[in-house]
Amino acid sequence: MSLILPPLSLYVHMPWCVRKCPYCDFNSHGVRGTPEYERYVDVLLADMDADLRDFGDAIGGRKIETVFFGGGTPSLFMPELIARFLDGARERLPFAHGAEITLETNPGTVEHGRFDGYLAAGVNRISFGVQSFDNDKLHRLGRIHSANEAADAVRHAQDAGIENINIDLMYALPQQDLADALNDVDRAVALSPTHISHYQLTLEPNTAFAANPPPLPDDDAAWGIQEACQDRLADAGYAQYEVSAYARDGRRCAHNLNYWRFGDYLGIGAGAHGKISDANTVRRRWKTRLPAAYLAASGEAKRIGGDSIVEAADLPFEYMLNALRLIDGVPMADFTERTGLNHSIIEPVLTQCLRKGWIEDDATLLRTTTLGQRFLNDVIEAFMEIAPTGE
């Protein structure tokens, strides 16, 4: 087993939000009192130092290609704190020229005038968690912003000079019909973002919605909404390149593409997950979830919530879980480069999927058909627990 080291990204988790949304299963915690934002940034850098010591030669001479501040609500952190972290991160690892640096933003937490501060700090891409432009739907989702506030926030970011902007939209919302969903897409397109994420609301375990499910469109209605919205986005110049991602030319999300292509990433922050490869193994590490415990650890070993080598038998599934989401597919050779496994071990499953019409008949490209995209979970599950006998 020998891997070719993939590109390296940096994920930074900011765990606080104003209020926990009922559908959210992310590691986010509603603000109580005054969070220790400044100390948290210092602990983030201590976490990064410790990871770099632990991973050592596995990082190699790689540069940070992308940075993503996720949450929670990263826009609760002032631009000065984002700048402090980015300056410190650059002192520890070189950044690639023109590295994409994304900040997730809740439209209800950003004051007018702060976007120029984020731009000066080094952020060059903003991702707005809008979810809907219907005030009733926003209320049902527990969002703290209105439709007009969301639109204003996007315009303020554009006025500040941030050109690369994503809008997150959800569909199949409580009591949403096709007209409602298309109106959300039209409102988003009217703001001319460079990227739109359009994904289905799902009821995740251990959320308020899972405990008390709201009335949602059935599977057929949800599929009809997805197809109609895909067509509307395509007509507006947004090409689908991943199951839930649409972009104008040259504006695909480089950070997420690295995930989907089974690239590497350092995971810094409370509950953050990372993946680091060396010449022989793929290793996953995640940090302790609770902000208080993470802060108390401050770069010590107890900051680590878990750390494990991905078993060879699990690598095909983990690879496909990401790569098969890409509409254009991935070169078949990438499977061996990113997993260290000979592609012959997945050939029996590929043959099965081909017979079912789930993948394209192309020996050099791994790509799902339109039917395969509809049954993507079934396609991915077919690659579970493949014995690595073909190494």
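Student: At roughly what angle do the axes of helix α6 and helix α8 cross?

Tutor: Keep in mind that this is a predicted model. The axes of helix α6, residues 178-190, and helix α8, residues 219-235, come within 10 Å and cross at roughly 30°. Angles under 35 degrees count as roughly parallel, and α6 and α8 are therefore roughly parallel to each other. The crossing in which α6 passes α8 is right-handed.

Student: Which residues of α6 and α8 meet?

Tutor: On the α6 side they include Leu 178, Leu 182 and Val 185, and on the α8 side they include Ile 225, Ala 228 and Leu 233.

Student: How should I read a nonpolar core, and how many residues has the largest one?

Tutor: The general idea is that, in soluble globular proteins, nonpolar side chains tend to be buried together. Here the largest nonpolar core has 73 residues, and those with the most contacts inside it are Leu 10, Phe 69, Ile 82 and Phe 85. Helix α1, residues 37-55, gives the most to this core, with 9 residues. Apart from this core lies another, of 34 residues, among them Ala 245 and Ile 380.

Student: What does Ile 82 touch?

Tutor: Not counting residues up to four places away in sequence, Ile 82 touches several residues, including Met 14, Phe 69, Leu 103 and Val 123.

Student: Is Ser 127 buried or exposed?

Tutor: A residue counts as buried under 20% relative accessible area, and Ser 127, with 4%, is therefore buried. Ser 127 has its place in strand β6, residues 125-131, and a polar contact of 2.8 Å joins its side chain to that of Asn 166.

Technical notes. Residues are numbered from 1 along each chain as its sequence is written. This is a predicted model: local features need pLDDT of at least 70, side-chain atom pairs count only at pLDDT 80 or more; totals for chains, interfaces and linings use all residues. Side-chain values use heavy atoms; hydrogens and water are left out. Helices (H or I, at least four residues) and strands (E, at least two) are DSSP runs, numbered from the N terminus. Buried means under 20% relative accessible area, exposed over 50%, partly exposed in between (1.4 Å probe, protein chains only). A polar contact is a pair of N or O atoms within 3.5 Å; within protein, one must be able to donate a hydrogen and the other to accept it, and residues adjacent in sequence count only if both atoms are side-chain atoms. A nonpolar core is a set of buried Ala, Val, Leu, Ile, Met, Phe, Trp, Tyr and Cys residues joined through side-chain atoms within 4.5 Å. Contact means heavy atoms within 4.5 Å. Axes are lines fitted to C-alpha atoms, for helices over the stretch in contact, and angles run from 0 to 180 degrees between N-to-C directions. Angles under 35 degrees count as roughly parallel, over 145 as roughly antiparallel, 65 to 115 as roughly perpendicular and the rest as oblique. A crossing is left-handed if the near helix is turned anticlockwise from the far one by less than a right angle, and right-handed if clockwise.
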